[in-house]
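User: I'd like to go through this chain with you. Can you put it up, and then I'll ask about it piece by piece?

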Amino acid sequence: MRIGELALKTGITKRTIDYYTNIGLLKAERSSSNYRYYNVEAVDDLHYIEKRKAEGLCLETIRKELIEQKAEEVDIQEIRLKMQDLEKDVSKLIATLDEQMGDEQSVKTTISKEGLALIKSLALLLH
């Protein structure tokens, strides 16, 4: 969305939004015609900035908090993806081991109770 739309949605002036963008509090993409476009997250970011300003924090501190929040969000997403990959790998491994062991024995009977509990816990975390 362009700066005018963002200002309408948040009640924050275009001048303030422009200032926040220039000092690095907000991110904007430039179009070929050099307009700034803001993503939907900018609405939440602006509300957060204004709330923290009202609590007496300086803009530099708020900028650092926003950077940390974004880094944590990326880390959580990365962990979720790795856990999904792990779940697939474990499922493949169990299927392969079951095939190799035949009908007489299942992998589930050869894995320790703690190991099976860990696998179940991981599966719960993924959902």
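User: Which helix is Ala-7 found in?

Analyst: Ala-7 sits in helix α1. Before going on: this is a predicted model, in which local features need pLDDT of at least 70 and side-chain atom pairs count only at pLDDT 80 or more, while totals for chains, interfaces and linings use all residues. Residues are numbered from 1 along each chain as its sequence is written, and side-chain values use heavy atoms, with hydrogens and water left out.

User: Ala-7, buried or exposed?

Analyst: Buried, because its relative accessible area is 13%. The classes are buried under 20%, exposed over 50% and partly exposed in between, with a 1.4 Å probe and protein chains only.

User: What is Ala-7 in contact with, leaving aside neighbours within four places in sequence?

Analyst: Ile-12, Thr-13, Lys-14 and Ile-17. Contact means heavy atoms within 4.5 Å.

User: Which residues have the most contacts inside the largest nonpolar core?

Analyst: Leu-6, Ile-17, Leu-26, Tyr-38, Leu-46 and Ile-49, in a core of 16 residues. A nonpolar core here is a set of buried Ala, Val, Leu, Ile, Met, Phe, Trp, Tyr and Cys residues joined through side-chain atoms within 4.5 Å. Two or more residues come from each of α1 (3–10), α2 (14–22), α3 and α4, and α3 gives the most, 5 residues.

User: Which residues of α3 are buried?

Analyst: Ala-42, Val-43, Asp-45, Leu-46, Tyr-48, Ile-49 and Arg-52.

User: What span should α3 have, and how far apart are its ends?

Analyst: Its 14 residues should span 20 Å at 1.5 Å a residue, and the end C-alpha atoms are 20 Å apart, so the two agree. The expected span is 1.5 Å times one less than the number of residues. After α3 comes Gly-56, with a positive phi near 95°.

User: Change of topic. How many helices and strands are in the chain?

Analyst: There are 6 helices and 2 strands, in the order α-α-β-β-α-α-α-α. Both are DSSP runs numbered from the N terminus: helices are H or I, at least four residues, and strands are E, at least two. Of the 127 residues, 20% are buried.

User: Where is Asn-34?

Analyst: In the loop between β1 (29–30) and β2 (36–37). Asn-34 has a positive phi of about 70° although it is not a glycine.

User: Now the largest pocket. What is its volume?

Analyst: About 220 Å³. On a 1 Å grid over the protein atoms alone, a pocket is an open set of points where a 1.4 Å probe fits, with protein on both sides within 12 Å along at least five of seven lines; lining residues have an atom within 4 Å of a point. Points are joined across faces, edges and corners, and the volume is the space filled by probe spheres set on them.

User: What lines it?

Analyst: Among the lining residues are Gly-24, Leu-26, Asp-45, Arg-63 and Lys-70. The largest share, 4 residues, comes from α4.

User: Gly-24, where is that?

Analyst: In the loop between α2 and β1. Gly-24 counts as partly exposed because its relative accessibility is 26%.
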